[in-house]
Amino acid sequence: MQIALSVKGLTKQFGDFTAVNNLTFDVEDGKFFSILGPSGCGKTTLLRMIAGFYKPTNGTLEIQGRDMLGIEPNKRPVNLVFQHLALFPMMNVFENIAFGLKRRGEKGEAVNKKVNNMLERVGLPESGPKKINQLSGGQKQRVAIARALVLEPTVLLLDEPLGALDAKLREHMKVELKKLQVKVGTTFVYITHDQSEAMVMSDYVAVMNAGQFEQLDTPQNLYSNPASSFVAQFVGNNNKFRVDLKKDESGKFFAATKSGDLYTLSDSFNLQNSDFFDMFVRPEAIIINPSNPKPEFNIINADVKAILFDGGNSRLLVTPEKTEDEIIVALPQNRQFDHIKAKDSIKIGWDPEAAVCFNRMEKRIYDDEI
Amino acid sequence: MMMKYKPNKIRWSFVIFFIPVALWLFLLIVLPHLELLRISFTSSGTNGFTLTNYKAFFTEPIYWLTFVRTALYSMFVTAIVLVISLPVAFYITKVASIKTQGLLMVLILVPFWVSELIRVYGWMILLRESGVLNQFLVKIGVFKQPIELLYNDITMIMGLVYTSMLFMIVPIIGVLGSMDDALIEAAHDLGAKKIAIWKEIIIPYTMPGIMSGSIIVFMLVLGSYLTPKLMGGKNSLWFTEQIYNQIIIYFNWEQGSAFGFLLLLLSSLIIWIALKVTKQEFRKVIK
């Protein structure tokens, strides 16, 4: 497999602040590669270094084996789709898309053909003479992508281009963008803070935090085998238990909560006996009123605090007995649990295999997190 | 209950605020101009309607030559002001840090707190034969004896550029300030070089600001009196001076009014042509 983008030891410092810290990774040709991270993690800085707007403090950057250091953005075989799209308001759709081709010195029929081809590809034939302000949000999106793709870049960079769209359209554009990438076969490097965007579209996702990659993996692996506490919290929904690790006489590990409950842990972890761990259990891994569970199942009694109905994504908010903790439990909408009401007492349980444990990370991802 | 729409309801608040404006426009601008227009078609020698004053303009070369000269010089000054203002405005809005931006704006504004007369006298003190610049140049040995730097076309143009610069910079800053930096980066990313970015992105985007600045500067320069009078030489006659001479020195109000209307006609015509050429709408430009 050919490598489209190769980054080695890339570092960017702004004064004392290290925005991107010694990153090394490769992106294979034709893949949809996402960089996922909270705002301020350095993902935009990384993208701007690839595009050529920032000069790296250290490290190398190669595109298809060609060293890119010292090459101006207008000479790089990459194009960027900007966060706010940056379509030229004084030009119409056709002129916007033809802009890059004309800068290359292409003229006349060749330009017309390429632009019209591209417009057809993004599903906007006949829109050439339209003014930018006559387009809807989704159409602008497609024009911005067409404007970059028409130059046939080796790597297309996308800087959270779906951020400004409303939720419904964003869902739609996710699928559109994935289909488009498969169709044109260009390598996409997509940055986002929205984990669902990254998971749905990508072949590979790098989870970025504080200038470094916490994990680079397929979306499936990120979800089921997070490599760190940060990834477990950032990717998908997760219940976090603050626990201490206890070892019994037989050398088996248990997680002890503050309220004194002991939970069985899977043996597959390479755990050390020390305090302060975070244990994570996915909402859909927790089973409501488990019938004939396996003996090692962790089962607790809990009170239903609220039913968070959201169609297929409905959940229960429960509190284990004698505690103030909150646990989110997936509530399948198969009518099996229709009898559950708020303030009911139920049993919940999970397979120890479904729980993961990491050293506690004191940093909060969101400010309103407890 | 149905809401009844009353289209003929008089909005008193609007009327109250509109009356002073209407009075001001009518009494101080429309009425005097109508009177001047009437006067321009009369002559002290004859009674009734006459075209003598307008005929005099076209038959006396000194009149229409001054007229053409004034128009050409005004356009020239506007062009110079534009060429200087664009990079200055770009620097202030896009390059300078926010702190420096404020400082630079103050630096541009401060000279305009002083009246035009004082500013022109300032230049005269600098440039005249016994002035600061001459003394300095003689002292360091560039000139053997002082040279008269005032009273020529170049000095006059410089003075006009200086006095009207602000009125170009401010509207351009207004438009450039609202421009997303990403547009420039996007153009760069799509392969444009510096010249192409200016030609294809920055200037077209700034066009409304450029046009409104140009209109203001052109009108100011065309109608300016002090700077050409004080800094220009005997040969740098400005058309406003012709009007002044007719009305104040020769007391020929009829001729002066005719000149005034010709100037008004000229400025309207040139602005109209400029708007047509650059494909700008007047409504957008005056916003």
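Biologist: Which residues touch the most other members of the largest nonpolar core?

Modeller: In this predicted model, they are Ile50(A), Leu157(A) and Val207(A), out of 105 residues in that core. Helix H4 (residues 137-149) of chain A gives the largest share, six residues. Domain 1 (3-230) and domain 2 (238-359) of chain A each supply at least three residues.

Biologist: What does Leu157(A) touch, not counting residues up to four places away in sequence?

Modeller: Its partners are Leu47(A), Ile50(A), Ala51(A), Val78(A), Asn79(A), Leu80(A), Val81(A) and Val189(A). There is also a second, separate core of 29 residues, and Leu127(B), Leu160(B), Phe167(B) and Met211(B) are among them.

Biologist: Which residues make the contact between H4(A) and H5(A)?

Modeller: H4(A) brings Gly137(A), Gly138(A), Gln141(A) and Leu149(A), while H5(A) brings Leu169(A), Met173(A) and Val184(A).

Biologist: And between the chains, how many residues are in contact?

Modeller: On chain B there are 15, and they meet 17 residues of chain A. Helix H8 (181-189) and helix H9 (194-222) of chain B each supply at least two residues of the side that touches chain A.

Biologist: What gives the most to that side of chain B?

Modeller: That is H8(B), with six residues.

How values were computed. Residues numbered from 1 in each chain as written. Chains lettered and ligands numbered in written order. Predicted model: local features only at pLDDT ≥ 70, side-chain atom pairs only at ≥ 80, totals over all residues. Core = buried A, V, L, I, M, F, W, Y, C linked by C-beta atoms within 7 Å. Buried ≥ 20, exposed ≤ 12 C-beta atoms within 10 Å, placed from the backbone. Helix = DSSP H or I, 4+ residues; strand = E, 2+ residues; numbered from the N terminus. Domains from an automatic or database assignment. Contact = placed C-beta atoms within 7 Å.
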